[in-house]
Amino acid sequence: MNWQQMLLGAVLVALLPGVAGAGIDGPADKVGFNRDVRPILSDKCYACHGPDANTRKGDLRLDIPPPEGQSVEAIVAGDPDASALIHRITTTDVDDQMPPVDQKKQLTDNEKSVLRQWISQGASYEPHWAYIPPEVNAAHLTAGEVPIDTLVGRKLARMGVASTPEADRRTLIRRLYWDLLGVPPTPEAVADFVNDAESEAYERLVDGLLQSPHYGERMAMEWLDVVRYADSNGYHSDEFRSISAYRDYVINAFNTNMPFDQFTREQLAGDLMPDPSREQLIASGYNRLNQITAEGGAQAKEYIAKYAADRVRTTTAVWLGATMGCAECHDHKFDPLSTKDFYAFSAFFADIEEDGVYRSGAKWAPFMYLPTPEESQREAELTAAITGLDATLAQSTPALEVAQSAWESQTALSKRNVQATRWQVLRPADVTAQGETTFRVLEDGRVLAAGEAQERDVYTVRVPTDGSTIESLMLEVFNHPELNGLSRGGSNFVLTQFEANYRGPDGQEASPLALAYALADYSQDRFPVGDALNGDKNRGWAVDGHLKKEDHLAVFALRESLVTAPGGTLEIALHFESGHKFHQSDCFRLRYTRDANDVTPWAVLPEAIREALDVPRAARTEAQVQELGNYFREVTPQLHPERVARDTRVAELEALKAGMATTLIAKSLPEPRVVRVLPRGNWLDESGEVVLPDTPKILPALGVNGRRATRLDLANWIVREDNPLTARVTMNRLWKRFYGTGISKVLDDLGAQGEWPTHPQLLDWLATEFVDSGWNMKHMVRLMVTSKTYRQSSETNDTLLAKDPYNRLFARQSRYRVEAELIRDGALAMSGLLAPHIGGRSVFPYQPEGYYANCNTFGGVLAYDTDTGDDQYRRGLYTFWKRSFLHPSLLAFDAPNREECTAERTISNTPLQALVLLNDPTYVETARVFAERIMAEAGERSDDRISLAFRYALSREPDAQELEVLRALYHKHLMEYTEDKAAATALTRAGMAPTLSDLDAADVAAWTSVTRVILNLHETITRS
């Protein structure tokens, strides 16, 4: 039983002997279905007698009234004694008793009394309160008074409880700074406010804070929790992804007071806006914040289903306060949400372009580049140059036509076999391996590897040259009888790099040979032969050797003809350094051609080119002629300078883009994926009904007139005035931000398993005011923080504790520990270290050495490169958020990993937190710099320094006892550090921030001990 039910029972026992449940927001002699009855039925009865037809017992449904005109034996309106429900909940016969005796949730005597009273009063049902459009009774408001105070005051008067007085000014400014900026106020700001005698001083303070750019940072924290923003993928190896621009968008939206309806549309459907702006595309990254996988053995279809379900859970929790995720496998057991509703809602997101299983190390497309102005200018220059070269390469000339005719004739010869053309075998003089592999050169020039298979290796083949000219090189790979397919280890191979060098006969340094392009007879999906040119160990050429064991070949064309000399050496290195172990080609042969027209053997030609070459020239279609010409110009040496120029600019453009910031965005598919109802959530079962995008039937209809609905339609529906949930949900969360607890406590569930609001009319007024204001978030924030209810003291008394132990009546303000990020931000602010700039990439503050040691990414340990300079002292909002290995300081203070939507963080109190504040490098350094600050600013007297430290940390002066304790601590540690200079010096060197050179090390160390204690105080990290 929750506190509200206990309080309801206590009130009714006093007012109506034998009757319970009248509640604290209505007349004591009237039981309300939504307020009093539904919570009981939902908690104890709906599992067997609720919306889920699959688990419903006895064909009895208690969440809705019986059909009109139908008599129901269970509930006889006005006659509890004739109602089977009353008999079954009061009987002592264990066979008849409901809930069954083996069920954990049993009805209390008070709950049984509520149900009896409800039936006696006519057993009237009401639609669930959250699904009823919010309405405000003007008679309950008082002219000239803030409705917040009026409606809270009415409840207090009804309960016979007096509100607490207004907090003193030091408390108020400290509360406002934590709530609106996320840091404590400076001593100067406190003094200015305390000494401001103007009647509008408080309102001016609020308005000033609302205009601060740090307001957006503070407000963004909770939003990033609910949308589960993170800098990593979550699943499997939890790799990095770049989406910090979305975080900047959220900060800016709060700072500029973007209307919440626009904020909603841009996130859900920014990419679907007419001519979407850069910011709208960034906002659409909301749709990409879900966890994704790059695990090799994962099933793409399964993960597409996971991503869709994640978006349903998050979107309905964030905007609708609904637990629709419960309906993924069966109809919701407590709310009127069906499995079909779930999948119809997921169909809104079926247009999002994405991979079920991504490639490790990718940019997780679709993404958008975010170039600086300088990068944009250089990009435009390179793009124009490439366009011009493309035009040249697309233009045929008489000379090219003659060369193409010779090329066609020579290429046709290779249709029979490679030997029929002028591809000569390169016979190695020497073959070595980086590992312990040995080699045997066969009669036909093939090289066969032997010995124990290596996880990764590099083979180097050295071939003497005879003065020939080399235009292209060929690598043939074979399935030899002595091998297990195409290799000894894994049947397949991954050639991560094909490297060629030439060393002249005079023993000069080997010169690398530039490769123009690569062609292959076959490439495995996502492992094209061209990837063997870039040396990226996460990429390379593979051929599905684990499935198909055929021989294959690849051609590597030189950018420039190589004229060798007798006695020289051609060195070819085959790199097999993939994360996939034992993937080497262990039987291979190398060839070369000296004929510029012989660089494309039949086997590597695309199918369409082969078909065109098989047709006599006079009989070719116009399309075939065009296609052959285009292909020839891609490979002919006559256009080599132009291709080199183009490739150079393309490479420069790619390098430019590789250094650009990027962000994930949503991109709509031309044809959305088909969505079916998955029976019991089984992604393998395709027997379910195909569904189109739609909203839950319990809520207002979407109204798209028969066409397929889009995410933009969904966004518009979410913020439509007749949607009863969005404004309520948003204001309920905002209320919790400033008052400690939601008006309805369960922030992400306004359904049957949620909580009847303590102040329903207040929540309705906030919702309607929010919509009427044009979804103006700053307006609502200002209303809340300027109210008398907000400005109350958080001090309590025995009467309040007895009547309202959890402060659900809001007769006082709430005290609680501030969030994990703010604890660090506050400490940095006190010391003067906090970097003030807004936005940008995620940063890497101090973290324990080796914390990522067990976080493997395909065999490699993810590096954690600790930031330096200002980036070390950015706000916690910008800390790199790795879902599987959240920063330990954030973890200690209950920050969520953001694998799922988090509407409310837990608040724990553990010894580990004290140890973090005492020993984490950030806090040791901050304490040291804080100590130097008070030493520099407060003069020589110990009491003055302690007093200044208190004003920075607590916005108040220390009392006599606090002064005495800290004074004694300082002198004790000064003696110890004076005797142990090494320890003093070590402490003064904590962290990267420089130490003031003119301060005595022992003195700094002793004052650091004092500031470490102050930073560890409960009051220091407590709001209000």
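Visitor: Which is the crossing of H16 and H20, left-handed or right-handed?
Guide: Left-handed: the near helix is turned anticlockwise from the far one by less than a right angle, where clockwise would be right-handed. This is a predicted model, with pLDDT of at least 70 needed for local features and 80 or more for side-chain atom pairs, while totals for chains, interfaces and linings use all residues. Residues are numbered from 1 along each chain, and side-chain values use heavy atoms, without hydrogens and water.

Visitor: Why are H16 and H20 called roughly antiparallel?
Guide: H16 (residues 373–393) and H20 (residues 640–658), both DSSP runs of at least four residues, pack at about 155°, their axes 9 Å apart. Angles run from 0 to 180 degrees between N-to-C directions, and over 145 counts as roughly antiparallel, so this pair qualifies.

Visitor: Which residues of H16 and H20 meet?
Guide: Among them are Arg378, Leu382 and Leu389 in H16, and Arg646, Val650 and Leu653 in H20, contact being heavy atoms within 4.5 Å. By class, nine residues are nonpolar, two polar and 10 charged (Asp, Glu, Lys or Arg).

Visitor: What gives the most to the lining of the largest pocket?
Guide: H20, with six residues. The pocket holds about 850 Å³, and 32 residues line it, with Ala516, Tyr517, Leu533, Arg559 and Asp647 closest to its centre. A pocket is an open set of points on a 1 Å grid where a 1.4 Å probe fits, with protein on both sides within 12 Å along at least five of seven lines, and lining residues have an atom within 4 Å of a point. The lining has 18 nonpolar, five polar and nine charged residues.

Technical notes: Helix = DSSP H or I, 4+ residues; strand = E, 2+ residues; numbered from the N terminus. Parallel < 35°, antiparallel > 145°, perpendicular 65-115°, else oblique. Points joined across faces, edges and corners; volume = space filled by probe spheres on them.
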